[in-house]
Amino acid sequence: MSEQRVASDEVLIARIAQGDRRAMQVLYGRHHVRVFSFGLRLVRDEQVAEDLISEVFLDVWRRAGKFEGRSAVSTWLLAITRFKALSALRRRRDLTLEDEAAHAIEDTSDDPEVATTKKDTGEALRKCLGGLSPEHREIVDLVYYHEKALEEVAETVGIPENTVKTRLFYARKKLAELLKAAGVERGWR
């Protein structure tokens, strides 16, 4: 993310703190997909993830004046999302933890055999990700899907950076074992 965009997000937050609805619309447009995706991976329920978006951006509207700028706005949003998702999971203990992530989008330039192989590999990867502990899945999600630096992940999750590194190491190791057991070798990279 460029520094100009980060500054722009910070300017939007300052304007939101002053009650600027247009700034809120721009921030929402810029980040709602990321918030939804992260929330969905945590709660594994589309309706709950949709509700999280509303709750997160309502919090942003209410607490924009309290944003201190110690992290990127996107990191702050993901931290709020994580807190809301964990609260939702606590409220809904009966929620099953099955991974029903979105199906891989087929590349139209691929022939059917390649597309099928990619789809099968994607499904195997999603299934194997579901075999990770919630803590490891969360770290993998933030690092690889949201492209967050380890320092940002540590801040978002509220753990030391070295703990993030350790969890990421063990998550990759476990994921490699699960993929190998599923018949997917190094070609998944």
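This is a predicted model: local features need pLDDT of at least 70, side-chain atom pairs count only at pLDDT 80 or more; totals for chains, interfaces and linings use all residues.
Residues are numbered from 1 along each chain as its sequence is written, and side-chain values use heavy atoms, with hydrogens and water left out. The chain has eight helices and zero strands, where helices (H or I, at least four residues) and strands (E, at least two) are DSSP runs numbered from the N terminus.

**Overall picture**

- Read from the N terminus, the elements go α-α-α-α-α-α-α-α.
- Of the 189 residues in the chain, 38% are buried; buried means under 20% relative accessible area, exposed means over 50%, and partly exposed is what lies in between (1.4 Å probe, protein chains only).
- Take the contacts in the chain with a separation of 6 or more, and 63% of them come from residues 24 or more positions apart; a contact here means heavy atoms within 4.5 Å.

**Salt bridges**

- How many salt bridges does a search of the whole structure find? The search turns up eight, each being a side-chain nitrogen of Lys or Arg within 4 Å of a carboxyl oxygen of Asp or Glu.
- One of them pairs D141 with R41, with the closest N and O atoms 2.8 Å apart. This pair links distant parts of the chain, with D141 in helix α6 (residues 134–145) and R41 in helix α2 (residues 21–43), 100 residues apart.
- R82 and E138 form another salt bridge, their closest N and O atoms being 2.4 Å apart. Distant parts of the chain are linked here too, since R82 sits in helix α4 (residues 73–91) and E138 in helix α6, 56 residues apart.
- Buried or exposed, where do R82 and E138 fall? Both are buried.
- E152 and K148 meet through their side chains in a salt bridge as well (3.8 Å, N to O). E152 is partly exposed, with a relative accessible area of 24%, whereas K148 is buried at 8%.
- There's also a network: salt bridges that share partners join D59, R63 and K84.

**D59 up close**

- D59 belongs to helix α3 (residues 46–63), and its 11% relative accessibility is why D59 counts as buried.
- The D59 side chain makes a polar contact with the side chain of K84 (3.2 Å). A polar contact is a pair of N or O atoms within 3.5 Å; within protein, one must be able to donate a hydrogen and the other to accept it, and residues adjacent in sequence count only if both atoms are side-chain atoms.
- Setting aside neighbours within four places in sequence, D59 touches A64, I80 and K84.

**α7 against α8**

- Helix α7 (residues 150–157) and helix α8 (residues 161–181) have axes that come within 8 Å and cross at roughly 105°. The axes are lines fitted to C-alpha atoms, for helices over the stretch in contact, and angles run from 0 to 180 degrees between N-to-C directions.
- On the α7 side the contact is made by L150, E151, V153, A154 and V157, and on the α8 side by E161, V164, K165, R167 and L168.
- Those contact residues split into six nonpolar, no polar and four charged. Ala, Val, Leu, Ile, Met, Phe, Trp, Tyr, Cys and Pro count as nonpolar, Asp, Glu, Lys and Arg as charged, and the others, Gly among them, as polar.

**Loop residues with positive phi**

- R44 isn't a glycine, but its phi is positive, near 55°. R44 is in the loop between α2 and α3 and counts as buried at 11% relative accessibility.
- E147, also not a glycine, has a positive phi of about 50°. E147 lies in the loop between α6 and α7 and is exposed, with a relative accessible area of 68%.

**R126 and L179**

- R126 has its place in helix α5 (residues 112–130) and counts as buried at 14% relative accessibility.
- The C-alpha atoms of R126 and L179 are separated by 10.0 Å, with the two residues 53 apart along the chain.
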